[in-house]
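Please look over the structure below and follow the text with it in view. The paragraphs take up surface charge, strand pairing and salt bridges in turn.

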Amino acid sequence: MSDTAQTSRKKQDFEQSLESSDRSIATFEHKSRSLFDNVQHFLHGNPTMVPVIVLIASIVIFGFVAGSKFFSPFNLSLIMQQVSIIGILAAAQSLVILTAGIDLSVGAIMVLMSVIMGQLAITLGVPAPIAIIAGCIGGIAAGGLNGFLVTRIKLPPFIVTLGTWNIFFALNLWLSGAQSIRSQTLDEIAPLLKFFGESIALGGARITYGSILMLVIFGVLWYILNHTSWGRHVYAIGDDKEAAELSGIRTNRTLIMVYGLAGLVCGIGAWASIGRVGSVSPQSFQEANLQSITAVVIGGISLFGGRGSIIGPLIGALIVGVFNSGLRLAGVDVLWQVFAIGWLTIIAVAIDQWIRKVSS
């Protein structure tokens, strides 16, 4: 048999085996999603919806329980006033938590900078605008110190900020001598320090400049995080720091900038806190650190970093304010108000864990 015939036969054998082979298209089993799976996927793509739903539900429930007093313009504006400082600190805290870190010193930085502003303006006679600028620069320096210790010395953010919390608190008491600067003294020498405590009338409500400042800060940070490359770098670091480094992001520099920006927000918050309290008090806002974390967690920003919207902590702070106001108007003791906020925080973290388990 010739070579040509053998080749033809082989070809025919190949074709025959090909014709007898299975030509069905590969199929994959598709598991139908349950209602809970659909909800889980929706919340995974829209993490801010959880605090929005909780806020709406809280307003409806407490509006029903507390009655018309809850919806009065005065009470609603009072809620905004009460959460303004914690909201500002929550904005600073959010920046750090988005990078998978945590800052336990935000409250201490704020109080220390308020003391620095007061001491410069009242004790040393420095013009109030310069004292305010010095306090903001001091906030940047304090935050930058946290960032330096985290990135260069390679210490865990929790340990670093726990230590600086105590350091800043001690400096606060040393500089102030544990003495407050009274409202009357501020009015006489540096009334500008109380600017954010002033308010404007809007119907039956009184909106303080501090409340407006809080909204402005969240608006600016929202734009930075969502419409700049630096903001995308922050999310990338929180999602996977090693992958961010491999993609060319200078992670250490970005982290130092994050802590520095958080410190600046705390410095601005220090100015607002003087107006909120009406004096420079070294003993004020003792629980501000934990309250800021509470607002961030309830607001849907993941403690594991890389996920969540900066607007969430604003809603989280409002939820805490609504709970406190509603329970107070309903005649609930302060003890049980704290009890309710504690459970709300635990539930928020549990929901975040559940959402993170969504399958892609």
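**Charges, strands and salt bridges**

On the surface, a patch of positive charge is formed by Arg-152, Lys-154, Arg-250 and Arg-253. The model shown here is predicted.

The next feature is a pair of strands. Strand 1 takes in residues 199–202 and strand 2 takes in residues 205–208. The two are paired in the antiparallel sense, and four bridges link them. Within this pairing, Leu-202 has Ala-205 of strand 2 as its bridge partner. Ile-200 is found opposite Ile-207, which also belongs to strand 2. Strand 1 and strand 2 make a hairpin with two residues between the strands. In this hairpin, Gly-203 adopts a positive phi near 70°. As a general point, side chains in a regular strand alternate between the two faces of the sheet.

The last topic is the pairing of charges. Side chains of opposite charge can pair when their charged atoms come close. How many salt bridges does a search of the whole structure find? The search gives two.

One of them joins Asp-187 to Lys-194, with 3.0 Å between the closest N and O atoms. This distance counts as a salt bridge because the cut-off is 4 Å. Are the partners buried or exposed? Asp-187 has a relative accessible area of 42%, so this residue is partly exposed. Lys-194 has a relative accessible area of 16% and is therefore buried. The limit that matters for Lys-194 is 20%, because buried means a value under it.

Another salt bridge links Lys-241 with Glu-245, and here the closest N and O atoms are 3.0 Å apart. Where do these two residues lie? Both belong to helix 11, residues 241–246, and they are four residues apart, which is about one turn of the helix. Lys-241 is partly exposed, its relative accessible area being 30%. Glu-245 is also partly exposed, with a relative accessible area of 39%.

How values were computed. Residues are numbered from 1 along each chain as its sequence is written. This is a predicted model: local features need pLDDT of at least 70, side-chain atom pairs count only at pLDDT 80 or more; totals for chains, interfaces and linings use all residues. Side-chain values use heavy atoms; hydrogens and water are left out. Patches are made of residues with over 30% relative accessible area and no salt bridge: like charges are joined within 9 Å, nonpolar side chains (Val, Leu, Ile, Met, Phe, Trp, Tyr) within 5 Å. Accessible areas come from the Shrake-Rupley method with a 1.4 Å probe; for residues, only the protein chains shown count as cover. A salt bridge is a side-chain nitrogen of Lys or Arg within 4 Å of a carboxyl oxygen of Asp or Glu. Lys and Arg count as positive and Asp and Glu as negative; His and the chain ends are not counted. The place of a charge is taken as NZ of Lys, CZ of Arg, CG of Asp or CD of Glu. Two strands pair if DSSP finds at least two bridges between them. Buried means under 20% relative accessible area, exposed over 50%, partly exposed in between (1.4 Å probe, protein chains only).
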